[in-house]
Amino acid sequence: MMTSLATLTIGQAPRSDIMPLLMEHLPAGSVTHVGLLDGLSREQIEQRYAATEGDAVLVTRLLDGSQVTMAAHRVESGLQEKIDVLEALDCMTILLLCTGEFHHLHANNALLLEPDRIIPPLIASIVGQHRAGIVVPVESQVVEQANKWRKLAKAPCFAVASPYLSDDQALTDAAMHLAEQGAEVVVLDCIGFNRHHLDVLKKYLNIPVLLPNVLMAKLAAELVV
């Protein structure tokens, strides 16, 4: 039975890495978890979603904990198919679990909550004239996602660390690099970052660290009826 709220990850559901954090805010009995890559082998994922040279890329997590990189335009096409199916099953709110930038996703009747449309203007209103530091999972996204943060009053600085590679030192180094560049708030710009990563950075930083998945979960919870 379809619930009124569905989470939609670009990886495989359920996302054990972030579900505990999300479910602190979402009502457990009212949420269905769906993944773009559910039921697919790594070979099938490669066939359908592999990136070629020049493609914008997105990074996500499989059920076995491994990281996979995919072409953003292929992911967007697959997500739209999932959204259409969820709407046909009368899902009323769809929470997209990806902070990547999409351009053509839409829902006819359901409320589609896209982090890339909500988080950047929210961060912009929070930080004002202060400088934000953005952590992205892979190097190519520094250029690819710069447009997403164009509404910030002051150009952000970027650093690279993946939440899927179990490398706390790389994350710490990235955040410290942002602080050295004048960042006054750090945004962990991947849905895979969780409470563990936040706790790691609190040991070394004396500036706020924001998790987009928490902000999105709180918003979605307000829409559950």
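Predicted model: local features only at pLDDT ≥ 70, side-chain atom pairs only at ≥ 80, totals over all residues.
Residues are numbered from 1 along each chain as its sequence is written, and side-chain values use heavy atoms, with hydrogens and water left out.

**Salt bridges**

- The count comes to 4 salt bridges, taking a salt bridge as a side-chain nitrogen of Lys or Arg within 4 Å of a carboxyl oxygen of Asp or Glu.
- One of them pairs D17 with R15, whose closest N and O atoms are 2.8 Å apart.
- R117 and E114 make another, at 3.1 Å from N to O; R117 is partly exposed at 47% relative accessible area, whereas E114 is buried at 5%.
- K148 and D189 also meet in a salt bridge, at 2.9 Å from N to O.
- K148 sits in the loop between α5 (141-144) and β8 (157-160) and D189 in the loop between β9 (185-188) and α7 (195-202), so this pair ties together parts that are 41 residues apart in sequence.
- Helices (H or I, at least four residues) and strands (E, at least two) are DSSP runs, numbered from the N terminus.
- K148 is buried, and D189 is too.

**Where α4 meets α8**

- Helix α4 (residues 115-127) packs on helix α8 (residues 212-223) at an angle of about 105 degrees, and their axes are 11 Å apart.
- Those axes are lines fitted to C-alpha atoms over the stretch in contact, with angles running from 0 to 180 degrees between N-to-C directions.
- That makes α4 and α8 roughly perpendicular to each other, the label for 65 to 115 degrees.
- P115, I118, I119, L122 and I123 of α4 touch P212, L215, M216 and L219 of α8, with contact meaning heavy atoms within 4.5 Å.
- The residues of this contact split into 9 nonpolar, no polar and no charged; nonpolar covers Ala, Val, Leu, Ile, Met, Phe, Trp, Tyr, Cys and Pro, charged covers Asp, Glu, Lys and Arg, and polar covers the others, Gly among them.

- Most residues other than glycine have a negative phi, and most peptide bonds are trans.
- A13 and P14 are joined by a cis peptide bond, with omega at about 0 degrees.
- P14 is in the loop between β1 (5-9) and α1 (19-22).
- D90 has a positive phi of about 70 degrees, though it is not a glycine.
- D90 lies in the loop between α3 (72-88) and β5 (93-97), and D90 is exposed at 58% relative accessible area.

Notes
Buried < 20%, exposed > 50% of the residue type's maximum accessible area, 1.4 Å probe, protein only. Parallel < 35°, antiparallel > 145°, perpendicular 65-115°, else oblique.
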